[in-house]
Amino acid sequence: MSAASTSIPGRVLLVDDEPAFQRLGGGFLRNLGHEVLIAGDGDEALSAFAREQPDLVLLDLAMPPSMDPEQGLTLIPRFNGAPVVVLTGHAEHELALRAADLGAWDFLAKPIDPDLLRVVVDRALRKRRLDAELALLRRRQGEGSMGRVGASAALQWRRAMTGRVAPPR
């Protein structure tokens, strides 16, 4: 079975200032079946994120103009709702911990092992889909289920009667 057939396709925002990595990383992700959006700096990334709503962000921390990984860290919380995988040549333990504290899903040091990238991307996309499914189920539960699970005629009748006697607030 090929790697592409085991991946969950998703929309991935690849944020890196290196054209060679954009080309190689983007091509690798496309071969796995993902739609890939490219951004070369933090401002482009935030704009693309707002416009395209990707499922996952792969974020290099050291980008122009400052090339300071600390600046890249400030972007992590701004990708609200999408898992962020940090990609960096600065494989410092403290940096990885701060990235995790700010909400990063994972932290990969460059050069990146393609097999590891495939697994991390797949896991992050699975998490994104599970989070979306959980949110949907919670919304549905709040829409008249009264905390009861089931679809039998008797349970539907009970929900209807309870709703008439004690309407939800």
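This is a predicted model: local features need pLDDT of at least 70, side-chain atom pairs count only at pLDDT 80 or more; totals for chains, interfaces and linings use all residues.
Biologist: How much space lies in the second largest pocket?
Modeller: On a 1 Å grid over the protein atoms alone, a pocket is an open set of points where a 1.4 Å probe fits, with protein on both sides within 12 Å along at least five of seven lines; lining residues have an atom within 4 Å of a point. Points are joined across faces, edges and corners, and a volume is the space filled by probe spheres set on them. For the second largest pocket, this space is about 200 Å³.

Biologist: Which element gives the most to the lining of the second largest pocket?
Modeller: Elements are DSSP runs numbered from the N terminus, with helices (H or I) of at least four residues and strands (E) of at least two. Those that give two or more residues to this lining are α2 (19-31) and α6 (114-142). With 5 residues, the most comes from α2.

Biologist: How many residues of that lining are nonpolar?
Modeller: Ala, Val, Leu, Ile, Met, Phe, Trp, Tyr, Cys and Pro count as nonpolar, Asp, Glu, Lys and Arg as charged, and the others, Gly among them, as polar. The lining includes F21, L24, F28, K110, P111 and L117. Its residues comprise 1 polar, 2 charged and, as nonpolar, 8.

Biologist: What is the omega of the peptide bond from K110 to P111?
Modeller: Most peptide bonds are trans. P111 sits in the loop between β5 (106-109) and α6. The bond from K110 to P111 is cis, with omega near 0°.

Biologist: Which element contributes the largest share of the lining of the largest pocket?
Modeller: The largest pocket holds about 230 Å³ and is lined by 15 residues, with G42, P64, P65, Q71 and L75 nearest its centre. Two or more lining residues come from each of α3 (42-52) and α4 (69-73). The largest share, 3 residues, is that of α3.

Biologist: What arc do the buried residues of α3 cover around the axis?
Modeller: G42, A45, L46, A48 and F49 are buried in α3. These residues are on the same side of the helix because the arc, taken from the directions from the helix axis to the C-beta atoms, is only 165°. D43, A50 and R51 are exposed on the other side, while the cover over the buried residues includes β1 (11-15), β2 (35-39) and β3 (56-60).

Biologist: What is the relative accessibility of D60?
Modeller: D60 lies in strand β3. Leaving out residues up to four places away in sequence, D60 touches V15, D16, D17, L87, T88 and K110. D60 counts as buried because its relative accessibility is 3%.

Biologist: Which loop holds M67, whose phi is positive?
Modeller: Most residues other than glycine have a negative phi. M67 is not a glycine, yet its phi is about 60°; at 42% relative accessibility, M67 counts as partly exposed. M67 belongs to the loop between β3 and α4.

Biologist: Over which residues is the pLDDT below 50?
Modeller: Residues are numbered from 1 along each chain as its sequence is written, and side-chain values use heavy atoms, with hydrogens and water left out. The chain averages a pLDDT of 87, and 88% of the residues score at least 70. The stretch with pLDDT below 50 has 5 contacts beyond near neighbours in sequence, and comprises residues 1-5.

Definitions and conventions. pLDDT is the predictor's confidence in each residue, from 0 to 100. Contact means heavy atoms within 4.5 Å. Buried means under 20% relative accessible area, exposed over 50%, partly exposed in between (1.4 Å probe, protein chains only).
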